[in-house]
Amino acid sequence: MKKPVVGVIGNAHRVENRFAVQMVGERNLRAVAEVAGALPLMFAAAPGVTDIGALLDVVDGIVLTGARANVHPTRFNAEPHPKHEPYDIARDDVALTVTEACVERGVPLFGICRGLQEMNVAFGGSLHPEIRELPGRMNHRMPRLETGEIHPDHRVIFADRHDVALVRGGAFATLLGCETIRVNSLHGQGILEPGKRVVVEGTAEDGTIEAIRIADAPGFALGVQWHAEYDPQRNPVNRKLFQAFGEALRAYQRQRG
């Protein structure tokens with residue numbers, strides 16, 4: 001059997017603040033290749049470039065990666081504010097449409113960080129632009145130095161920061177074989193109200209939603225708020241997630257012949 005192909009969504013970026021490019025973090029590509037056992041294929045998060053129907057005819061699964069940009073608030077009936085920029089409106093267009101299309105077709109879908117947020121918004125849910133501003137919530141953003149600069153050591157940035165309690169008997173608890181896991185945390189925005197088909201599968205100790213699935217999806221349709229792509233080669237939780245995604249890819253590949 002040929003390797004399954006996974007579409008990995010790009011992000012708008014500017015090189016030297018002049019040249020528009022689409023960018024994907026290499027850790028996402030390596031996680032797909034080395035742990036899920038698939039061929040990663042980056043696609044543009046630009047409606048004028050990416051034909052979603054044609055894309056889904058080619059791939060066996062989709063990864064919605066994390067990104068610096070927030071989902072634009074108008075997507076969930078909220079007001080934008082400059083302090084919550086940057087936004088990536090083109091990615092919003094592609095990601096929300098591809099989420100619905102994947103679930104409808106049964107194409108395996110794995111959302112990570114912003115990807116989880118996009119899955120929630122695609123099914124009518126809302127987000128809070130700065131989850132740490134809600135009463136009782138912790139700071140989920142990446143660690144910084146006393147100067148305010150981002151910590152220079154990736155091992156510190158991506159270190160496990162808090163526990164996630166998984167729903168007993170749920171998809172994640174069954175897949176991972178436990179009811180509590182420990183994860184990294186690098187996000188400001190988070191889920192406020194779950195969408196109508198969004199099932200909450202895991203929460204942090206402060207109530208922040210960390211793991212979801214899409215109800216009645218015919219295929220793999222899971223999202224995580226943490227960066228599972230950082231270390232699935234070594235981290236047992238993230239490894240199991242990408243391995244399960246890989247199994248779903250191969251099952252879908254067999255199904256469509």
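Here are some notes on the predicted model above, point by point.

1. Ground rules. Since the model is predicted, local features need pLDDT of at least 70 and side-chain atom pairs count only at pLDDT 80 or more, while totals for chains, interfaces and linings use all residues. Residues are numbered from 1 along each chain as its sequence is written, and side-chain values use heavy atoms, with hydrogens and water left out.

2. Overall fold. The protein has seven helices and 13 strands; these are DSSP runs numbered from the N terminus, with helices being H or I of at least four residues and strands E of at least two. The radius of gyration is 17 Å, close to the 18 Å that the globule rule gives for 257 residues, so the protein is as compact as a globular protein of that length. For the record, that radius is taken over C-alpha atoms, and the rule is 2.2 Å times the number of residues to the power 0.38. The C-alpha trace spans about 55 × 45 × 35 Å along its principal axes.

3. Of the 257 residues, 52% count as buried (buried is under 20% relative accessible area, exposed over 50%, partly exposed in between, with a 1.4 Å probe and protein chains only). Take the contacts (heavy atoms within 4.5 Å) with a separation of 6 or more: residues 24 or more positions apart account for 65% of them.

4. Aromatic pairs. The whole structure holds four aromatic pairs (Phe, Tyr and Trp rings, the six-membered one for Trp, with centres within 6.5 Å; planes under 30 degrees apart are stacked, over 60 edge-to-face, the rest tilted). One of them is F110 with F242: the ring centres are 5.1 Å apart and the planes sit at 70 degrees, so this pair is edge-to-face. It links distant parts of the chain, with F110 in strand β6 (residues 109–112) and F242 in helix α7 (residues 236–256), 132 residues apart. F110 is buried at 0% relative accessible area, and F242 is buried at 1%.

5. F220 lies in the loop between β12 (209–214) and β13 (221–224) and F245 in helix α7, so the pair ties together parts that are 25 residues apart in sequence. F110, F220, F242 and F245 form one aromatic cluster.

6. Helix α4. Nine of the nine residues of α4 (residues 114–122) are buried, so this helix is largely enclosed by the rest of the structure. The buried residues include R114, Q117, E118 and N120. After α4 comes G124, with a positive phi near 90 degrees.

7. Positive phi outside glycine. E16 has phi near 55 degrees; the residue sits in the loop between β2 (11–15) and β3 (19–23) and is exposed at 57% relative accessible area. D216 has phi near 60 degrees, lies in the loop between β12 and β13 and is exposed at 71%.

8. V167. This residue lies in the loop between β8 (162–166) and α6 (171–176) and is partly exposed at 38%. Leaving aside neighbours within four places in sequence, V167 is in contact with A173, V200 and E201. V167 and T180 are 13 residues apart in sequence and 9.0 Å apart in space, C-alpha to C-alpha.

9. M1 is in the segment before β1 (5–9) and is exposed at 69%. Where does M1 make contacts, leaving aside its neighbours within four places in sequence? With Q253 and R254. M1 and R254 are 253 residues apart in sequence, yet 8.8 Å apart in space, C-alpha to C-alpha.
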